Amino acid sequence: MTSVPVRPLQPARPVTLLLVEPDPLQRQLLGKALGRAANGPALICESGEEALAHLDGARGPHQVVTTPQLPDMDTVTFLAQLRGHPLTRGLPVTVWGRRSERSAVPGGVLLGSFARWVDRGETLGDYLAGLHALLDTGTRPPLSA
């Protein structure tokens, strides 16, 4: 049995996360976990188009977390549009998915600091380890000037 240490993550300042996840169960689980760990809201969208439309609002997120399999556009297009948007151009982006889904995001996109991959895993133990890695990368407070 694999045990994953659980430690509270409490950033000094709230972090607003944008979660893009088409699966309702994943949205519920990740939305709660990320919002709680970030000490701030998780803005949850079902699709790339919904997420991009949300960015036209007043305040943008501090971090973007997306699945590699979006229902309405390929991940590379979504990431490119994030990089082209003034609110998200310099934001950290994490792609959260299974090893089998990694081919949806070309290696050059990830290696070029365009986005970071966190493996979701195939077993419950791997999933929990991936969730902890996601929480560690997805809840860092924004840098102040």
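Start by selecting L18, F78, L79 and L82: of the 18 residues in the largest nonpolar core, these touch the most other members. A nonpolar core here is a set of buried Ala, Val, Leu, Ile, Met, Phe, Trp, Tyr and Cys residues joined through side-chain atoms within 4.5 Å, and buried means under 20% relative accessible area with a 1.4 Å probe, protein chains only. The model is predicted, so local features need pLDDT of at least 70 and side-chain atom pairs count only at pLDDT 80 or more, while totals for chains, interfaces and linings use all residues. Residues are numbered from 1 along each chain as its sequence is written, and side-chain values use heavy atoms, leaving out hydrogens and water.

Now colour β1 (17-20), α2 (48-54), α3 (75-84) and β4 (93-97), the elements that give two or more residues to this core. Helices (H or I, at least four residues) and strands (E, at least two) are DSSP runs, numbered from the N terminus. α3 gives the most, with 3 residues.

Next, pick L17, W96, Y127 and L131. They are among the 13 residues of another core, lying apart from that one.

Back to α3: show T75, F78, L79, L82 and R83, its buried residues. They sit on the same side of α3, because they cover an arc of only 135° around the axis, taken from the directions from the helix axis to the C-beta atoms. At the start of α3, look for D74, where a side-chain oxygen comes within 3.1 Å of the backbone nitrogen of V76.

Finally, zoom out. The protein chain has 5 helices and 5 strands, in the order β-α-β-α-β-α-β-α-β-α along the sequence. Of its 145 residues, 45% count as buried.

Key:
Buried means under 20% relative accessible area, exposed over 50%, partly exposed in between (1.4 Å probe, protein chains only). A polar contact is a pair of N or O atoms within 3.5 Å; within protein, one must be able to donate a hydrogen and the other to accept it, and residues adjacent in sequence count only if both atoms are side-chain atoms.
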